[in-house]
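Please keep the sequence and the structure in view while reading.

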Amino acid sequence: MLRLVRYLRHYKKESVIGPLFKMLEAFFELLVPLVMADMIDNGIANGEKGYIYKAAFILILFGVLGLVCSLVAQYFAAKASVGFGTELREDLFAHMNRLSYAELDKAGTSTLVTRITSDMNQVQAGVNMILRLFLRSPFIVIGALAAAFLVNVKVAVIFIIAAPILALIIYGIMVLTIPMYSKAQKALDKISLATREGLNGARVIRAFGRQKDETKEFCEDCEDLLKLQKRVGRVSAAMNPLTYVVVNLAIAAIILQGGREVNNGVITQGEVIALVNYMTQILNALVALQILIVSFTKAVASAKRINEVLALQPGILDKEETVSAVEAERKENVPAVRFLNVSFAYPDAKEEALTNLDFSVMRGQTVGIIGGTGSGKSTLVNLLPRFYDVTKGTVLVDGVDVREYPQKELRSKIGIVPQKAVLFSGSIRDNMRWGKADATDEEIEEALEIAQAKEFVDTKEGKLDYKLSQGGRNLSGGQRQRLTIARALVRKPEILILDDSASALDFATDAALRKALAERTRGMTVFMVSQRTTTIQNADLIVVLEDGEVAGIGTHFDLYRDCEVYREICQSQMAAEEEGA
């Protein structure tokens with residue numbers, strides 16, 4: 001939790017004013033029993049109404065001042081905690097965006113979502129409670145003890161006995177509950193994962209009639225969370241009755257001992273009432289402290305989880321001295337892309353995903369990447385924009401190691417169309433400008449034409465202003481793919497990566513797309529990952545992968561003749577007459 005205190009740096013004033021006014025409120029509260037004792041001993045005992053009215057006015061004044069102080073304290077504490085939460089949430093999200101694919105894979109999407117939502121809310125609430133109660137409750141307890149000693153030392157000894165017992169109870173509950181809250185948050189992670197999978201895979205679940213099974217599994221996860229929450233709830237709930245028992249026994253002892261002292265003429269009746277009030281104030285302060293401890297315990301557990309994310313160091317960082325994409329020398333004899341003895345293994349993987357890749361791609365060439373499922377096709381193209389760093393070897397763009405480029409400039413040279421078509425809520429124009437922020441409508445329409453998307457965009461109401469729902473769910477799969485291709489083309493990249501991005505297109509549209517790419521993107525180096533041989537057979541160069549290794553490199557006809565793996569792929573897809581051709 002202490003590591004996160006730095007996010008209060010812009011709210012130092014609020015962080016001081018809030019607790020300060022809470023202490024002022026506590027100060028006025030501590031004066032109340034003394035005024036009451038004086039009212040009883042000097043006003044009520046002597047029957048002086050004027051004295052009683054005067055004391056009552058002072059009590060009301062203290063109440064009003066305490067209320068004002070409380071409102072001021074709550075305002076500044078809320079302002080500081082909300083500001084703290086905003087800055088931490090922004091920093092956490094920015095940090096997540098700096099993480100490479102490797103760290104994101106390791107952490108997991110569901111737990112990251114939980115940590116930036118549920119855990120963040122717990123920490124923010126904890127900060128609010130700390131600013132409001134952390135100083136007030138101890139101040140009340142210590143002030144009440146001090147005031148009790150001023151009234152009568154013998155009776156105040158009871159306070160000294162009760163206070164350590166209460167502190168021990170609170171400390172014991174806190175030690176027991178912190179790990180329990182951590183387990184509860186992990187169980188919440190599991191529920192978040194199940195929810196995300198259930199919503200994303202709703203169609204598949206229904207297609208296989210698995211609604212009851214998925215509901216049963218989800219309910220089991222919820223039951224596990226319920227058991228954990230019940231367990232921690234029982235432990236937390238024990239704090240209230242235990243402290244009440246101790247405090248009530250202490251009050252009984254005060255009344256018993258106070259009665260004796262009154263009979264002996266050592267103290268007055270008003271002073272006994274004051275002592276009882278001080279013990280009641282200690283009880284109320286401890287009740288508030290219990291709430292603080294529960295909130296603080298949850299906040300500590302959540303802060304630990306947030307710190308785990310912040311502790312993840314991005315595996316891919318820019319070097320101090322990098323070469324600008326503009327400065328990179330573009331010689332005609334230098335390959336646009338060069339894989340030089342490249343091997344790659346995913347973190348914690350036992351085997352390499354890619355092994356000893358070595359080939360060059362000249363500027364303006366179209367490269368087809370094909371192979372069986374899991375052969376490493378997507379992994380290969382993910383090394384180009386440096387989503388992952390190679391384990392061995394070097395990936396060169398324009399003759400420069402990709403690790404020498406600033407990431408932003410390297411990726412500005414590359415247009416990427418991922419396997420899964422990802423669109424964002426907003427207009428088609430907004431989505432197209434992800435590729436180029438200042439793209440004109442003419443540039444967007446040109447990209448739509450090449451991607452074979454203009455025809456259906458023109459049929460939509462508002463055309464480029466047509467609003468897409470989240471993920472583009474109001475479009476078909478093929479329409480989403482064509483828009484993502486157009487989005488990549490808008491920026492006119494030097495290198496275009498199509499990662500199996502035409503899988504939802506029919507053969508006619510796929511052929512028209514390939515023709516438009518060949519005719520209208522001259523000078524652009526294109527990497528086409530595909531399962532279809534028809535998509536890549538006209539490529540200048542085809543790379544055939546098998547289990548992460550290159551099984552063959554060449555043109556369609558050369559590979560069909562010399563590469564058994566490629567020939568088997570072709571034969572599995574072509575009709576008998578196409579095989580003869």
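In this predicted model, the buried residues of helix 17 are Gly478, Gln479, Gln481, Arg482, Leu483, Thr484, Ile485, Ala486, Arg487, Ala488, Leu489 and Val490. With twelve of its 14 residues buried, helix 17 is largely enclosed by the rest of the structure.

**Helix 17**
- The end C-alpha atoms of helix 17 are 20 Å apart, which agrees with the 20 Å that its 14 residues should span at 1.5 Å a residue.
- Lys492, which comes just after helix 17, adopts a positive phi of about 50 degrees.

**Nonpolar cores**
- The largest nonpolar core has 44 residues, and the members that touch the most others are Leu448, Leu483, Leu489 and Tyr566.
- Helix 17, which covers residues 477–490, gives the most to this core, contributing six residues.
- Once neighbours within four places in sequence are set aside, Leu489 contacts Ala447, Ile450, Ala451, Leu496, Leu517, Thr521 and Met524.
- Another core, of 42 residues, lies apart from the largest one, and its members include Leu133, Ala147, Leu283 and Ala288.

**Asp189**
- Asp189 belongs to helix 7, residues 153–200, and with a relative accessible area of 9% this residue is buried, since the cut-off for that class is under 20%.
- Not counting residues up to four places away in sequence, Asp189 touches Ser110, Thr111, Thr114, Arg115 and Arg305.
- Asp189 and Glu494 are 305 residues apart along the chain, and a distance of 41 Å separates their C-alpha atoms.

Key:
Residues are numbered from 1 along each chain as its sequence is written. This is a predicted model: local features need pLDDT of at least 70, side-chain atom pairs count only at pLDDT 80 or more; totals for chains, interfaces and linings use all residues. Side-chain values use heavy atoms; hydrogens and water are left out. A nonpolar core is a set of buried Ala, Val, Leu, Ile, Met, Phe, Trp, Tyr and Cys residues joined through side-chain atoms within 4.5 Å. Buried means under 20% relative accessible area, exposed over 50%, partly exposed in between (1.4 Å probe, protein chains only). Helices (H or I, at least four residues) and strands (E, at least two) are DSSP runs, numbered from the N terminus. Contact means heavy atoms within 4.5 Å. The expected span of a helix is 1.5 Å times one less than its number of residues.
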